[in-house]
Amino acid sequence: MNPALFKHRITIFKELSKEDEDGFPVKTREDICSVWTAIKTVRGTEYVEAAAVQSENTYRFIIRYREGIDPRMKIDYKGRIFDIESVLNDDELRKTLTIVAKERV
């Protein structure tokens with residue numbers, strides 16, 4: 001594992017839904033951890049939804065192994081939000097995790 005590849009800083013967080021004092025749902029954010037990562041582009045697609053062209057980009061974030069990360073979480077990278085699709089323990093060695101995530105642009 002080459003530490004020089006882990007040059008991007010990301011924050012992994014959960015979105016929580018709470019009620020405000022008037023009983024309306026409010027989304028809040030709970031940061032889980034900030035880690036160094038290597039980022040790889042997997043693919044980009046465009047599709048038409050509601051008469052507008054939408055694009056969806058898929059990325060791989062490779063981080064050092066850490067327990068507790070799951071697809072219900074999200075990633076914040078420089079203000080860009082990514083939805084986690086899957087979390088893979090690379091070669092089942094508990095050295096690195098590959099997180100596949102999508103960003104909608």
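## Basis

The model is predicted: local features need pLDDT of at least 70, side-chain atom pairs count only at pLDDT 80 or more, and totals for chains, interfaces and linings use all residues. Residues are numbered from 1 along each chain as its sequence is written, and side-chain values use heavy atoms, with hydrogens and water left out.

## Strand β4 and its partners

Strands are DSSP runs (E, at least two residues), numbered from the N terminus. Two strands pair if DSSP finds at least two bridges between them. Strand β4 (residues 74-77) pairs with β1 (residues 8-19) in the antiparallel sense over three bridges, and I12 has I75 as its bridge partner in β4. Four bridges join β4 to β5 (residues 80-89), also antiparallel, with D83 the partner of K74.

In β4, K74 and D76 point one way, I75 and Y77 the other, and all are buried (under 20% relative accessible area, 1.4 Å probe, protein chains only). The hairpin of β4 and β5 has two residues between the strands, and K78 there takes a positive phi near 55°.

## Nonpolar core

A nonpolar core is a set of buried Ala, Val, Leu, Ile, Met, Phe, Trp, Tyr and Cys residues joined through side-chain atoms within 4.5 Å. The largest has 16 residues, of which I10, I12, F61, I63, I69, I75 and I99 touch the most other members. Elements giving two or more residues to this core include β3 (52-64) and β6 (96-104).

## T37

T37 lies in strand β2 (residues 25-49) and is buried, at 0% relative accessible area. Beyond neighbours within four places in sequence, its contacts (heavy atoms within 4.5 Å) include I10, F61 and I63.

Note on methods:
Buried means under 20% relative accessible area, exposed over 50%, partly exposed in between (1.4 Å probe, protein chains only).
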